[in-house]
Amino acid sequence: MNRLVAAQVVGRVMRSGAYSNVLVQAETRELEPRDAGHVRFLVFGTLRHLVRIDRVIAGYSKRPRVDPQVLDVLRVAVFELLETDSPPHAVVNGAVEAAGTLGGPKVKGFVNGLLRSVERFGDPSPGDRVERFGLHPEILAALDETWGTEATDAFMEASLLPAVTIARRRRASVEVGDAVPLVGFPDAFEVGLSVDTADWAVQDAASIAVGGSVPLSGHGPILDMAAAPGGKALHLYDRLSAQSEDGSRLVLADAHPKRIVRAQKRLRQAGWYPDWVQADGRSAPFVDNTFDAVLLDAPCTGLGTLRRRPEIKLRINPSDVRRMAGIQAKMLREAIRVTRPGGTVVYSVCTVTAAETIDQVAGLLGRPPAGIPGQAWGNGILLAPHLTGTDGMFISSVDVS
Ligand SMILES: C[S@@+](CC[C@H](N)C(=O)[O-])C[C@H]1O[C@@H](n2cnc3c(N)ncnc32)[C@H](O)[C@@H]1O
């Protein structure tokens, strides 16, 4: 049953553009925690190794075309046979049973035969790093050029591993119980899968570092320019609450109405009811020199989040990097325009390409925000799974003159 659910989720991620982390959560809500964990393991593992898995299936299949749903069952089973210690007979039997719900005896025979071959002969090719990491070769080459192959391999290997659930304690008074504090990230804790949203906000430590970087010391307005789904905005609100403010000087904006609606719902659940401005940050509807601080947590290619959304690497191509870099440059120019002289723009992206990170803030008065673990990089700081055990994130605190 778990294998069939996992195969269906993989299929929907690959064919409907759904996000794996969102879909897995939705599809496992009714399952026992152990089964939900198993489905999660199968889905993320399969997506992480999909390029190799598909090559192996194509190598053993004698059919010119395999039904997409049967292919998904095969993908999950081949992941288990090649990458895990699951008993092979259980894997093959489970897949044959799942295939039986999709077709007749012929389908079962095909799945059985192919998986028996994989079980017996394994993967006949050693593969290479481009296949192992599953990232577009041009993007991998760009990372190699920026960092060198050793650091790129370290990043990509760490991105193949699962991530634990991290949450931010919303107030110092919240009882932490069994939650484990993360060294270097105040208020970040490793938690179980579900937490109470009144007390906790599920966020990776790298995101918590971004929310902690925005200066709130003055009295002027603060803009979160790409605020949906509201994770970092809620952090700013909680920080203001801790200094006895009501959050009314926070201005939340985003370009996408549906994302704003979802964010509003999420923030209401967390006990906050802010107004939103629907606005394209490339031509922001705000007067020059308005804000004390602007958070530009910009739309990006998301390569820093591969541990949680491995499918991103299968979808992204070099033109996405160029397109995102173009949007980021326009939004950053606007962020600086609407910030008052002496104010600060915090620029962050959960990705690691040079074009979206160091190149964006080159030539600006950017620096790493104080007190954040990571590696200084250009005019900012890099957090990454192989460096800080977090998602990949670039943060630069830009002084506006
Ligand atoms: C990385 S997400 C922001 C995450 C958010 N800061 C948080 O912590 O929950 C980027 C956001 O940028 C928004 N966005 C994309 N293009 C935009 C544009 N041209 N102007 C404003 N927002 C945009 C997306 O809708 C998305 O919500």
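These are my notebook entries on a predicted model of one chain.

**Ground rules**

I number residues from 1 along each chain, as its sequence is written. The model is predicted, so I ask for pLDDT of at least 70 for local features and count side-chain atom pairs only at pLDDT 80 or more, while totals for chains, interfaces and linings use all residues.

**Entry 1: overall dimensions**

I looked up the extent first. The C-alpha atoms fill a box of roughly 70 × 45 × 35 Å along the principal axes. I then checked the radius of gyration, which is taken over C-alpha atoms; the globule rule is 2.2 Å times the number of residues to the power 0.38. For 401 residues a compact globule would come out near 21 Å, and the chain has 23 Å, which agrees.

Next came burial. A residue is buried if 20 or more other C-beta atoms lie within 10 Å of its own, exposed if 12 or fewer, and partly exposed in between, with C-beta atoms placed from the backbone. By that count 46% of the 401 residues are buried.

I also looked at contacts, meaning residue pairs whose C-beta atoms, placed from the backbone, lie within 7 Å. Among contacts between residues at least 6 apart in sequence, 70% join residues at least 24 apart.

**Entry 2: secondary structure and domains**

I list 17 helices and 13 strands. Helices (H or I, at least four residues) and strands (E, at least two) are DSSP runs, numbered from the N terminus.

The domain assignment gives domain 1 (2-121) and domain 2 (204-399). Such bounds come from an automatic or database domain assignment. The domain centres, taken over C-alpha atoms, are separated by 37 Å. The contact between them takes eight residues from domain 1 and five residues from domain 2.

Which helices supply the domain 1 side? I find that α2 (20-27) and α3 (33-48) each supply at least two residues. Helix α3 gives the most, with three residues. I sorted that side by type: five nonpolar, two polar and one charged. Here Ala, Val, Leu, Ile, Met, Phe, Trp, Tyr, Cys and Pro count as nonpolar, Asp, Glu, Lys and Arg as charged, and the others, Gly among them, as polar.

**Entry 3: the ligand shell**

I looked up what surrounds the ligand. The shell holds 18 residues, and the closest are Ala226, Gly231, Lys232, Ala255 and Gly281. The shell divides into seven nonpolar, five polar and six charged residues.

**Entry 4: the four-stranded sheet**

I traced an open sheet of four strands, ordered β2-β3-β1-β4, with antiparallel pairing. Two strands pair if DSSP finds at least two bridges between them. The edge strands are β2 (180-181) and β4 (200-202), each pairing on one side only. Strands β1 (residues 166-169) and β3 (residues 188-190) run antiparallel and are joined by three bridges. Ala167 stands opposite Phe189 in β3.

**Entry 5: around strand β12**

I followed β12 (residues 380-383) in both directions. Strand β11 (residues 375-377) pairs with β12 in the antiparallel sense over three bridges. Trp377 stands opposite Gly380 in β12. Two residues lie between the strands of this hairpin, where Gly378 takes a positive phi near 55°.

Strand β13 (residues 393-399) also runs antiparallel to β12, again through three bridges. Ile381 stands opposite Ile395 in β13.

Are the faces of β12 buried or exposed? Both are covered: Gly380 and Leu382 are buried on one side, Ile381 and Leu383 on the other.

**Entry 6: backbone details**

I found a cis peptide bond between Ala228 and Pro229, with omega about 5°. Pro229 sits in the loop between β5 (222-224) and α12 (231-242).

Ser244 has a positive phi near 60°, although it is not a glycine. Ser244 lies in the loop between α12 and β6 (250-254).

Asn289 counts as partly exposed because it has 13 C-beta neighbours inside 10 Å.

Last, I checked Asp359 in helix α16 (residues 358-361). Asp359 has 15 C-beta neighbours inside 10 Å, so it counts as partly exposed. Its C-alpha atom is 9.4 Å from that of Ala329, 30 residues apart along the chain.

Notes
Contact = placed C-beta atoms within 7 Å. Near = placed C-beta within 6 Å.
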